[in-house]
Amino acid sequence: MKPLAVVLKWIALLGGTLALLAGTFLLGYCTGDRGDATTGGHASVSMPDRAPAAAPPRAPVWTCSMHPQIRQPEPGQCPICGMALVLARDPAATKPEGGPMPEPGKKYACAMLCVPPRDEPGKCPVCGMELVEVGGNGGAGGERRIAISETARRLAEIQTAPVERKFVAADIRMVGKVDFDETTKRTISAWVPGRLDRLFADYTGVRVQAGDEMVRLFSPELISAQEALLQALGSMAEVERSGLATIRETTRSTVAAARARLRNLGLAAEQVADLERAGHPSDHVILRAPISGVVVHKNVKEGMYVQTGTPLYTIADLSIVWVKLDAYESDLAWIRYGQEVTFTTEAVAGRAFTGRIAFIDPVLDDRTRTVKVRANVPNPDGLLKPDMFVRGRVQSRIAADGKVMDAALAGKWISPRHPEIVKDEPGMCDKCGIALVRAEDLGYVAVDPDRARPPLVIPDSAPLITGKRAVVYVEVEAGVFEGREVVLGPRAGDQYLVLAGLAEGERVAVNGAFKIDSAVQIRAGPSMMNPPGEEKPTAAGGPQTHCPVMGGAIVRDVFLDHEGKRIYFCCPPCIDKFKAAPEKYLAALRAAGVVLEDAPR
């Protein structure tokens, strides 16, 4: 019972307090001035006859942050990009009543670049940040210029470097493989049909010398040809004693034809001479190696019968090998025919091999985006073996006219097929007999490299490359940077060659250029991504690409013919929503400038 008594006590205390407050309120009401003109001793307040009429409320407008031309009376999605519409700020609310109108030429932009620059101040409809005032000229007396204070420069860590004329070296790295020299490969084939009774080179990889015995071949056709020669020789000995010159000439012609036939059947001149001295035919013929090298293919076995033209062996001379390297297309500007290339291989650690580029493939491999570059490399020790992996390197310097500088080839004449043949005067190649060509015709500097003009270069961190253009920021005066489009040449290490747009001695931003460009974008000036005079494409006046209901991409199979126009949607349920309020969605399409297709009749 004790808790109940405590509760009753608190209720009574609360009731007394409420009664006291009510009495105080009534007392004040009875004695206070209610503004009545009949009460004495109190002056009445003069009020106007009627209050001024309030301005009618403005209808809200919803817009797209990415497409400000979209303005709708209700919320929804942008018919172009599908983003949710945001409430547009009333321009009249951004300026005080009776205040000055926004100055022409002024722009107000969001620091986060949520929406395009606007003509009136206010807040960003997307992020809510206060719009900042920007000048139409970029803030420094020119469209692409911007002034940056010393404090801002230190915070942005902006650094500059001069545009210089100097020679830069490109270090081109390539990978590839060792291959046979195709010009030194020889095939030993059967010149007559017969049986292979003996193979002297009986396995692949054996090294042979020119003139070594390779095959012992039995051939009835060859025996008949030998007998024909011996009979012709016997006839010639008899007719030599005859007094008829015509018979002697005919017999001599027969002997010459028999000798030629044997040579055409594969016998060497020494073998034919041995046959004539022996006076009887040999039942076997020996086929010899035409060159020194290594047997890389063995296509027959002992005891096989072969026909005329059957390939027996393939021999390759490995004293000179080819090195085929893969060069990326971006490196081709630095590579020329006749350049020296050095390379290494893991099989011969610690040793560098050298050769000269003898061929640059005219066709690009579309799978690897590389071009085959072939070098002829001497291999007297046989250390380089076909199919070895190698890592190649070409060091190149380019003059201002884009030609490669090589002191060893300046003013020289070079063979177009054998780059190792270099002469001081015109003439013929010692190997192939083709006329030599000038080195400058192959892309080399014609004068002494010390007298060549160096190219303009800038550090590779200076240009902002978008894919369509390259922009650098030039410090035209202290603290003032100007954006400028330039034409870049090939890249050499950490430097770019400049073909147009800059002059020697100008200073360009090499660190912080992207921050400068961001500041220009905030000020609504032309920048890296928004060059001057280039308008952003919009959907105004174009065909329908997005659903008017949900804003998604249209499906050509989902459509509705309405009032002679064909309207496309992203899904069938959107058709039902459109039928419920067609004017609403048609107004949005008209606001976006969408041109609807005519429905077929």
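I take two strands as paired if DSSP finds at least two bridges between them. Helices (H or I, at least four residues) and strands (E, at least two) are DSSP runs, numbered from the N terminus.

The model is predicted, so I note that local features need pLDDT of at least 70 and side-chain atom pairs pLDDT 80 or more, while totals for chains, interfaces and linings use all residues. Residues count from 1 along each chain as its sequence is written, and side-chain values use heavy atoms, without hydrogens and water.

Barrel. I looked up strand β18 (residues 320–328) and found it joined to the antiparallel strand β21 (residues 370–378) by nine bridges. Ala327 faces Val371 of β21. Both strands belong to a closed, antiparallel barrel of six, in the order β9-β18-β21-β20-β19-β22. From one strand to the next the twist averages 40°.

Helices α4 and α5. I find α4 (residues 245–264) packed on α5 (residues 269–278) at about 130°, axes 10 Å apart; axes are lines fitted to C-alpha atoms, for helices over the stretch in contact, and angles run from 0 to 180 degrees between N-to-C directions. Arg259, Leu262 and Arg263 of α4 meet Val272, Leu275 and Glu276 of α5 (contact: heavy atoms within 4.5 Å).

Helix α7. In residues 572–580 I find Cys574, Ile575 and Phe578 buried (under 20% relative accessible area; exposed is over 50%, partly exposed in between, with a 1.4 Å probe and protein chains only). The face turned away carries exposed Pro572, Asp576, Lys579 and Ala580. Among the elements covering the buried residues are β32 (555–562), β33 (565–569) and α8 (582–591).
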